[in-house]
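Student: I'd like to learn how to read a model like this one. Please take me through the helices, the sheet and the backbone, one feature at a time.

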Amino acid sequence: MTLMSFAAAASTKFLDFLYPPECVICHTPGTFLCADCLAEIEPIAEPLCPTCGYPLPAPHAECRQCRRYPVRWVSAIRSVALFTPGVLREAIHKFKYQNMEILGKSLAPLLTTCYTINQMNAQVIVPVPLHKSRYKQRGYNQSEILARQLSTQLELPVDTTSLVRHRRTKPQMSLNATQRQSNVAGAFLCNGNTISGKAVLLIDDVCTTGATLDACGAALRHAGASVVTALTLARAV
Ligand SMILES: [Zn+2]
Ligand SMILES: [Zn+2]
């Protein structure tokens, strides 16, 4: 152990001593997201749209989401739960905007379960990238943290360099449907040839209309990806 890594380990221990882990929602000591709070997250259940993963009122009913916001480049989107007020939404907010990178470890198993239940067969995991200016501002990419955890759990490689967001975009939540499409259209580029011929799994924290995932899917397919599917923690209502 080098002096630096010894110092880092010691300071982590010291911080644990000063600030022992507690649930960010209910403050129960022990973990950052306790089992009781995790159990409150209600997974999206069948019937759901086979393409965009949005819940349907009845099996084989027409999907209104797909009619309003068609997704062309991603063959299937699946999300853990709806983005309604509650544990998941609060946890994502802290994970993304309150420097709680540590929550990635608690949230990633939800993605792993969703991946397994939906039998999504991918060969490589790709997180939705941030623009470099946003990355600098936040200090981390929340989707990349999730993708790395998932990569370990599923024993699949993760590629964090091929797909880049080369143009700055506005937060999708702040725009209407038409603006969302033009906001992200052409914002992503896929470099290199490591993606070619691969079944890619895109990872993001929240799927709003699917426009961001679709724009990433277009770049990946143009780079030769054989198929693109996507997995997110939450799905906007
Ligand atoms: Zn809790
Ligand atoms: Zn749909």
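Tutor: Let's start with a helix contact: Arg180, Gln181 and Val184 in H8 meet Ala211, Thr212 and Ala215 in H9. Contact here means that the C-beta atoms, placed from the backbone, lie within 7 Å. Helices (H or I, at least four residues) and strands (E, at least two) are DSSP runs, numbered from the N terminus. By class, this contact of H8 with H9 has three nonpolar, two polar and one charged residues. Nonpolar covers Ala, Val, Leu, Ile, Met, Phe, Trp, Tyr, Cys and Pro; charged covers Asp, Glu, Lys and Arg; the others, Gly among them, are polar.

Student: Before we go on, where do the model and its numbering come from?

Tutor: It's a predicted model, where local features need pLDDT of at least 70 and side-chain atom pairs count only at pLDDT 80 or more, while totals for chains, interfaces and linings use all residues. Residues are numbered from 1 along each chain as its sequence is written, and chains are lettered from A and ligands numbered from 1 in the order in which they are written.

Student: Back to H8 and H9, then. At what angle do their axes cross?

Tutor: For H8 and H9, the axes cross at roughly 30° and come within 9 Å. Axes are lines fitted to C-alpha atoms, for helices over the stretch in contact, and angles run from 0 to 180 degrees between N-to-C directions. H8 and H9 are therefore roughly parallel to each other. (Under 35 degrees is roughly parallel, over 145 roughly antiparallel, 65 to 115 roughly perpendicular, and the rest oblique.) The crossing of H8 and H9 is right-handed; the label is left-handed if the near helix is turned anticlockwise from the far one by less than a right angle, and right-handed if clockwise.

Student: Which residues does H5 use to meet H7?

Tutor: First the geometry: H5 (residues 103–117) and H7 (residues 142–154) pack at about 60°, with axes 9 Å apart. So these two are oblique to each other, and H5 passes H7 in a right-handed crossing. On the H5 side you'll find Gly104, Lys105, Leu107, Ala108, Pro109, Leu111, Thr112 and Tyr115, facing Gln142, Ile145, Leu146, Gln149, Leu150, Gln153 and Leu154 of H7. Sorted by class, that contact has nine nonpolar, five polar and one charged residues.

Student: How does H4 pack on H5?

Tutor: H4 (residues 87–97) and H5 pack at about 135°, axes 10 Å apart. That makes H4 oblique to H5. Their crossing is left-handed, and the contact is made by Ala91, Lys94 and Phe95 of H4 with Leu103, Gly104 and Leu107 of H5.

Student: Now the sheet. In what order do the strands run?

Tutor: The order is S1-S6-S5-S2, four strands in an open sheet with parallel pairing. Two strands pair if DSSP finds at least two bridges between them. S1 (76–82) and S2 (124–127) each have a single partner strand, so one side of each is left without a neighbour in the sheet. From one strand to the next, the twist averages 20°.

S5 (residues 199–207) and S6 (residues 227–235) pair over eight bridges, with valine 200 opposite valine 228 in S6. H5 packs on this sheet too, touching S1 and S6, and its direction makes about 130° with that of S6. H9 (residues 211–222) lies across S1, S2, S5 and S6, at about 160° to S5.

S1 pairs with S6 over six bridges, and alanine 81 stands opposite alanine 234 in S6.

Student: Is S1 mostly covered or mostly open?

Tutor: Mostly covered, with five of its seven residues buried. Buried means 20 or more other C-beta atoms within 10 Å of the residue's own, exposed 12 or fewer, and partly exposed in between, with C-beta atoms placed from the backbone.

Student: And the backbone: which peptide bond is cis?

Tutor: Most residues other than glycine have a negative phi, and most peptide bonds are trans. Here the bond from glutamate 46 to proline 47 is cis, with omega near 0°. Proline 47 sits in the loop between H2 (35–39) and H3 (64–68). Histidine 60 is found in that H2–H3 loop, with phi near 65°; it has 8 other C-beta atoms within 10 Å, so histidine 60 is exposed. Glutamate 155 has a positive phi of about 55° and lies in the loop between H7 and S3 (163–165). Glutamate 155 counts as exposed because it has 6 C-beta neighbours inside 10 Å.

Conventions:
Two residues are in contact if their C-beta atoms, placed from the backbone, lie within 7 Å.
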